[in-house]
Amino acid sequence: MKIAVIGATGGTGKKVIERALALGHEVIAVARRPEAIAPTEGLTVRKGDVFDLPVMIQAISGAEAVISCIGPPLNVSAASAKKGMGNLSASLLTMKANLSPGTVMSEGIPNIIAACQRSGVQRIVMQSGINLSDGRELSYIHSLAVRLMRRIFWKAIQDKHIAEQALIQSDLEWVIMRASVLQYAEGKLDYTAGPLARINPIAALPFTDCADGLVRAAVSQSDWTGKVVNIGR
């Protein structure tokens with residue numbers, strides 16, 4: 001399958017590209033800074049900006065499925081995050097970004113949807129967060145943790161909620177994947193994923209494992225179509 005990955009230079013986006021290529025798929029990496037992506041066999045790199053619809057239409061042209069990994073920019077590299085207190089630093093940057101998320105999700109996802117519709121792409125997978133859950137499918141303690149995070153990061157929740165609703169109301173074959181806390185670590189492909197899956201929202205999940213779930217949602221999990229999927233431990 002030919003998959004367009006939007007947000008290709010982010011923590012999850014990089015791993016989605018690696019996983020998709022490893023599974024034998026062709027990948028279109030879409031990023032604002034395409035020069036930051038190294039050439040690789042099976043990989044096409046295109047410049048894209050989710051705030052610019054005409055550019056996005058061109059960027060995903062020829063794709064059979066789209067995986068969106070967009071979110072507030074963190075400005076942290078995988079290499080630096082793995083060193084010493086790197087994951088703590090990445091976590092702090094993530095918190096800061098989610099306190100002031102901007103409108104990258106609420107404006108970007110509708111543009112991606114429109115680009116898919118105009119390009120004839122039917123399947124789209126959107127990376128979201130477990131904090132969008134109301135917690136009913138989680139344990140009592142974990143639901144309390146989600147409610148607390150929803151209060152703290154209400155701006156990011158609001159931005160992602162608008163994005164999720166736009167996708168749900170579209171005519172596309174969509175999957176929304178709500179991930180737990182993510183971290184830079186070796187992935188073991190040992191995770192839980194599924195609609196209303198009972199996960200621990202604060203148990204860190206490697207980006208690699210999240211990426212595997214996103215690729216599965218795009219290419220092989222037809223039973224996830226039109227559903228919100230939780231992924232974590």
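K14, R32, R33 and K47 gather in a patch of positive charge on the surface. Patches are made of residues with over 30% relative accessible area and no salt bridge, like charges being joined within 9 Å and nonpolar side chains (Val, Leu, Ile, Met, Phe, Trp, Tyr) within 5 Å. Lys and Arg count as positive and Asp and Glu as negative, with His and the chain ends not counted; the place of a charge is taken as NZ of Lys, CZ of Arg, CG of Asp or CD of Glu. The structure is a predicted model, in which local features need pLDDT of at least 70 and side-chain atom pairs count only at pLDDT 80 or more, while totals for chains, interfaces and linings use all residues. Residues are numbered from 1 along each chain as its sequence is written, and side-chain values use heavy atoms, with hydrogens and water left out.

K14 counts as partly exposed because its relative accessibility is 38%, where buried means under 20% relative accessible area, exposed over 50% and partly exposed in between (1.4 Å probe, protein chains only).

Strand β4 (residues 65-68) is covered on both faces, with A65 and I67 buried on one side and V66 and S68 buried on the other. β4 pairs in the parallel sense with strand β1 (residues 2-6) over four bridges, and pairs likewise in the parallel sense with strand β5 (residues 123-129) over four bridges; pairing requires that DSSP find at least two bridges between two strands. S68 is the bridge partner of I6 and stands opposite M126 in β5.

Side chains of opposite charge can pair when their charged atoms come close. A salt bridge is a side-chain nitrogen of Lys or Arg within 4 Å of a carboxyl oxygen of Asp or Glu, and by this rule the count comes to six. In one of them, the side chains of K15 and E18 meet at 3.4 Å, N to O. K15 and E18 are three residues apart in helix α1, and therefore separated by about one helical turn. K15 is partly exposed, at 23%, and E18 is partly exposed, at 47%. D134 forms a salt bridge with R136, the closest N and O atoms being 2.7 Å apart; D134 is partly exposed, at 37%, whereas R136 is exposed, at 74%.

E164 and R178 also form a salt bridge, with the closest N and O atoms 2.7 Å apart. This pair links distant parts of the chain, E164 in helix α7 (residues 154-168) and R178 in strand β6 (residues 173-179), 14 residues apart. E164 is buried, with a relative accessible area of 2%, and R178 is buried at 13%.

A nonpolar patch on the surface is formed by Y140, I141 and L144, with about 340 Å² of accessible area together, as given by the Shrake-Rupley method with a 1.4 Å probe, only the protein chains shown counting as cover for residues. Y140 lies in helix α6 (residues 140-152) and is exposed, at 60%.

Most residues other than glycine have a negative phi. L189, however, has a positive phi near 55 degrees; L189 is placed in the loop between β7 (182-183) and β8 (192-195) and is partly exposed, at 40%. L196 has a positive phi near 60 degrees, lies in the loop between β8 and β9 (205-206), and is exposed, at 63%.

Conventions
Helices (H or I, at least four residues) and strands (E, at least two) are DSSP runs, numbered from the N terminus.
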